[in-house]
Amino acid sequence: MADIVDIYTDGACRGNPGPGGWGVLMRYKGREKTLYGAEPHTTNNRMELLAAIRALEALKRPSRVRLTTDSEYVKKGIVEWISAWKKRGWKTAGRKEVKNADLWRELDALASQHDIEWRWVRGHSGHQENEMADALANKAIDEMQAVRRN
């Protein structure tokens with residue numbers, strides 16, 4: 001059985017919309033890697049999606065992945081909703097444009113390259129890796145705002 005890459009993702013936003021950040025903790029064969037980034041004007045859902053996208057982009061080859069997010073939006077979107085959105089031409093059941101369709105398309109394309117088990121964990125509940133991903137997302141916002149002030 002192939003080794004599993006464990007990925008923990010989180011997004012954060014100060015104001016929604018507002019300055020936002022995303023954070024990723026990756027573990028593989030006892031090694032850890034962290035990634036994070038920020039945008040000056042975004043939404044929490046976009047940051048949650050971007051965290052998963054950046055994590056999957058960082059994989060160098062098709063992999064078995066266990067991706068844990070505290071975003072029901074991301075998990076339900078990729079597991080439950082996306083196939084219907086695609087069938088309807090990226091429209092919701094109410095015939096409205098799917099929000100963040102650009103990022104959903106990107107996530108869908110990346111996810112198709114890997115064998116992914118999507119997991120959800122309650123945010124801010126003491127889950128160590130989720131807390132680390134959250135801290136990285138907030139660090140990204142702090143660093144971006146510090147640079148913009150200088």
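How many salt bridges does a search of the whole structure find? The search finds 13, a salt bridge being a side-chain nitrogen of Lys or Arg within 4 Å of a carboxyl oxygen of Asp or Glu. Please keep in mind that this is a predicted model, in which local features need pLDDT of at least 70, side-chain atom pairs count only at pLDDT 80 or more, and totals for chains, interfaces and linings use all residues. Residues are numbered from 1 along each chain as its sequence is written, and side-chain values use heavy atoms, with hydrogens and water left out.

**View A. Arg27, Glu32 and Glu129 are linked in a network of salt bridges.** Within this group, Arg27 pairs with Glu32, and their closest N and O atoms are 2.6 Å apart. Arg27 is partly exposed at 24% relative accessibility, on a scale where buried means under 20% relative accessible area, exposed over 50% and partly exposed in between (1.4 Å probe, protein chains only). Glu32 is also partly exposed, with a relative accessible area of 47%.

**View B. A salt bridge joins Glu57 and Arg54.** Here the N to O distance is 2.9 Å. Both residues belong to helix α1 (residues 44–57), where they sit three residues apart, about one turn of the helix. Helices (H or I, at least four residues) are DSSP runs, numbered from the N terminus. Glu57 has a relative accessible area of 39% and is partly exposed; Arg54, at 27%, is partly exposed too.

**View C. The side chains of Glu117 and Arg119 form a salt bridge.** The N to O distance in this pair is 2.7 Å. Glu117 counts as partly exposed at 37% relative accessibility, and Arg119 likewise counts as partly exposed at 37%.

**View D. Helix α2 (residues 72–87) packs with helix α3 (residues 101–111).** The angle is about 95 degrees and the axes lie 11 Å apart; axes are lines fitted to C-alpha atoms, for helices over the stretch in contact, and angles run from 0 to 180 degrees between N-to-C directions. The two helices are therefore roughly perpendicular, a label that covers 65 to 115 degrees. On the α2 side, the contact (heavy atoms within 4.5 Å) is made by Tyr73, Val74, Gly77, Ile78, Ile82, Trp85 and Lys86. Helix α3 contributes Trp104, Leu107 and Asp108. These contact residues divide into seven nonpolar, one polar and two charged, where Ala, Val, Leu, Ile, Met, Phe, Trp, Tyr, Cys and Pro count as nonpolar, Asp, Glu, Lys and Arg as charged, and the others, Gly among them, as polar.

Technical notes:
Parallel < 35°, antiparallel > 145°, perpendicular 65-115°, else oblique.
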